[in-house]
Amino acid sequence: MTTTPLKSTGFYSESPRPGLLGWLLSTDHKRIGMLYLGCITTMFLVAVGLGLAIRLQLFAPGQHIMSAQTYNATFTVHGIIMIFLFIIPSIPAAFGNLLLPIQIGARDVSFPRINLLSWYFYISGAVLAVIAIFSGGGPPDTGWTFYVPFSTQTTTNVNLAVFAAFMLGFSSILTGINFVTTIHRLRAEGMTWGRLPLFVWTLYATAWIQVLATPMLGITLVLVMLERFFGAGLFDAASGGDPILFQHLFWIYSHPAVYIMILPAMGVISEIIPTFSRKPMFGYWAMAISSLAIAFAGSLVWAHHMYASGMSDFAILVFSLLTFIVAIPSAIKIFNWISTLYKGSIQLAPPMLFALAFILQFAIGGLGGLALGAAASDIHLHDTTFVVGHFHYTMFGGTGFAFFAALHYWLPKFTGRMYNQKTAVISWGLLFVGFNVTYMAMQAVGIQGMPRRYYDYLPEFHTLNMVATVGSWILALGLIVMFVNLFKSLRSGPVIGMNPWGGATLEWFVPSPPPMENFGEEDPVVTRGPYDYQGVTADEP
Amino acid sequence: MSHEHRDDTGARFGMWLFLYTEVILFSGLFLLYGVAVTKYTDAYILASNKLNVWFGAVNTVVLLTSSLTIALAITAIQRNRIRTCINLCVVTIALAILFLINKYFEWSHEISLGIYPASETLLEMGPGVASFFNLYYFTAGLHGLHVLIGATLIGVVAVLVARGKVTSDRYVLLENSALYWHLVDLVWIFLFPLYYLII
């Protein structure tokens, strides 16, 4: 059916430089977005492999495929890659770059060269992280949180891993600065704040967290390095420092960071739900403001990771209350998605299925978060696999599934090719079942008392661990089917028109894939809202 | 193909955002300071008295003056006085170097007394004093690094002014460098009393 190869369509065919240099030196937001997407997906698959190895080791009590030290290194590297190289940049850096300028009617971001620079920081961080695994005293074994005093004393290659995370933080800051400026300065004529797609609103809130919180991670990691190199002693009680302060500084960034991870995912869902319900978003302003509210309130709850660290009961009370407050804007989002579905003309296309799975799984993860935010139950659940399960429900069941939803929703836009939708539904089914089996079992065994980060366990935890491991195989199968299906579409998928889903945001009114500078000669003038579906229909397949 | 896009307000806006990130970077160290000074108040007063207030005072004057010269450089370029603008940039850089030289002598003196992170002399002085000097070295060190970066930045901009790339109607780069320099100055204005003037 299709004869034109991908590289001679849209922005792929227009570049001042030929071949690989056209990518490595390009300041076009779409090319940078595709670079990010490729790297992020690769990193994701590497970390998935490590995750599967962890589950395999936990299949039964005793040592199977790895020693305790290897196990420590495996979960650490799994965490570092998943957090810093996949989830944090996943939606904002990949889809944010691809879509933000088009959705607000701009030709590019405010600082295209800094945008490219941020990708170079990302790739340098990625390379350093990989080098850290294979050099020095062996892969880091601290867990992705780098808690002192262990991280300042272990002989493994923590220095390089920490420096890699520092570089990635810088990359994230530059993206944040770029996006905030772009949204303020480059909106097209008629693109008022009230007409911004909700994905842009969430990117806006995310970018602010990136700007305001990430430097705290930077200084914390610098201090860990100084401690290792010079014995700086700022976290060492013997020289007047305080190890607990590390935890505070670390979580002052790393808790807001989970909202860097989830907010853009919520934005993706807010684009998909109205399109496939053929209804405007219910409560547009509530959705927009709740994104900012999550970003704000989420910055004040960091110490709920530290209930067991010995801080005062009063502090626990305050942080517990603040944590519960974050649940309010999150719940507003869930209610509004469901209200949008209500009496909508729902089409269960693949992106919609992923979005619906997101709502269910994020709700489960969010409610589990309340069990952890409440001091009384947290003391029981602290450092059990319940925490790991909860985290994966929000980050994988939430952000991960939103990332898959975004891939199924927007990838055709940027390749001009449609994947096989039946296969996509099958992969969704496998992922949905595999995911819930794996992490529900993990949560259940956590409630029974199985500690996290242990490579061996008591026999009474065997059954549920076995179930979780079998679930991880279904999950892996689902991932293989999904990525093969998407990858095949690049070569042989049927060509699509401008608007395969009937979306009403601006990206659906430019060709697929979009041309260089997105809008041709004339700047777009926006005259309608992002979810105004009147007169907008999907292309005939 | 790509037509030129220029947005000076956007560039300034971006710079302000970047300055926020710098403030937060330093605020991590200020937080540590806040906790430690509450915990070891007496030791902090004792340790602060070991610093030579004159070194700090001179450096404060030097940096404040350099903030003035870089601000004057902007006025100069607005009035299209290229020569004056370059000279003022050079003076700013000279003041930055003066600051670092001053710092070098101050640190050499303290190191010669055996006061530096993880030194035995420092550990013998007790956890409070040790915490003070550890924080002092790393906060001032990070600030010194920023002085170096800022001076380099101004040097680059001065070259661009000389080559006519930064002109009287296109000087946002100089403005942003000056903003950065003011931040470097501002951080020092907080550092100086916190470390030198505790009584």
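In this predicted model, the side chains of R107(A) and E517(A) form a salt bridge, with an N to O distance of 3.8 Å. R107(A) sits in the loop between helix 4 and helix 5 (112–134) of chain A, while E517(A) belongs to the segment after helix 16 of that chain, so the pair ties together parts that are 410 residues apart in sequence. The cut-off for a salt bridge is 4 Å, and the 3.8 Å of this pair falls within that limit. Over all chains the structure holds nine salt bridges. Side chains of opposite charge can pair when their charged atoms come close.

**Contact between the chains**

One salt bridge is counted between chain A and chain B. The partners are R185(A) and D7(B), whose side chains meet at 2.8 Å, N to O. The two salt bridges named in this report are set out below.

| Side chains | Distance, N to O |
|---|---|
| R107(A) and E517(A) | 3.8 Å |
| R185(A) and D7(B) | 2.8 Å |

Two residue pairs are in polar contact across the interface of chain A and chain B, both at pLDDT 80 or more. On the side of chain A that touches chain B, at least two residues come from each of helix 7 (158–185), helix 8 (198–230) and helix 9 (243–277). Helix 8 of chain A gives the most to this side, with ten residues. By residue class, the side of chain A that touches chain B divides into 23 nonpolar, eight polar and five charged.

In terms of contacts, 36 residues of chain A meet 34 residues of chain B. The size of an interface is often given as the accessible area lost when the parts come together. Here, about 2,700 Å² is buried between chain A and chain B, and carbon and sulfur atoms give 76% of that area. Three residues, R185(A), I219(A) and L234(A), supply 18% of the area that chain A buries against chain B, more than any other three residues.

**Chain B**

Chain B consists of seven helices and zero strands. Its elements, read from the N terminus on, run α-α-α-α-α-α-α. Along the principal axes, the C-alpha atoms of chain B fill a box of roughly 65 × 30 × 25 Å.

**A nonpolar surface patch on chain A**

On the surface, L56(A), I65(A), M466(A), V470(A) and W473(A) form a nonpolar patch with about 410 Å² of accessible area together. Helix 16 (residues 462–492) of chain A gives the most to the patch, with three residues. I65(A), one of the patch residues, is found in the loop between helix 3 (29–57) and helix 4 (68–103) of chain A.

**Backbone details in chain A**

V148(A) and P149(A) are joined by a cis peptide bond, with omega about 0 degrees. P149(A) is placed in the loop between helix 5 and helix 6 (150–153) of chain A. The peptide bond from S512(A) to P513(A) is cis too, its omega being near -10 degrees.

R278(A) has a phi near 55 degrees, a positive value in a residue other than glycine. The position of R278(A) is in the loop between helix 9 and helix 10 (284–298) of chain A.

Conventions: Residues are numbered from 1 along each chain as its sequence is written. Chains are lettered from A and ligands numbered from 1 in the order in which they are written. This is a predicted model: local features need pLDDT of at least 70, side-chain atom pairs count only at pLDDT 80 or more; totals for chains, interfaces and linings use all residues. Side-chain values use heavy atoms; hydrogens and water are left out. Contact means heavy atoms within 4.5 Å. Buried area is the accessible area (1.4 Å probe) that two parts lose on being put together, summed over both. A polar contact is a pair of N or O atoms within 3.5 Å; within protein, one must be able to donate a hydrogen and the other to accept it, and residues adjacent in sequence count only if both atoms are side-chain atoms. Helices (H or I, at least four residues) and strands (E, at least two) are DSSP runs, numbered from the N terminus. Ala, Val, Leu, Ile, Met, Phe, Trp, Tyr, Cys and Pro count as nonpolar, Asp, Glu, Lys and Arg as charged, and the others, Gly among them, as polar. Patches are made of residues with over 30% relative accessible area and no salt bridge: like charges are joined within 9 Å, nonpolar side chains (Val, Leu, Ile, Met, Phe, Trp, Tyr) within 5 Å. Accessible areas come from the Shrake-Rupley method with a 1.4 Å probe; for residues, only the protein chains shown count as cover.
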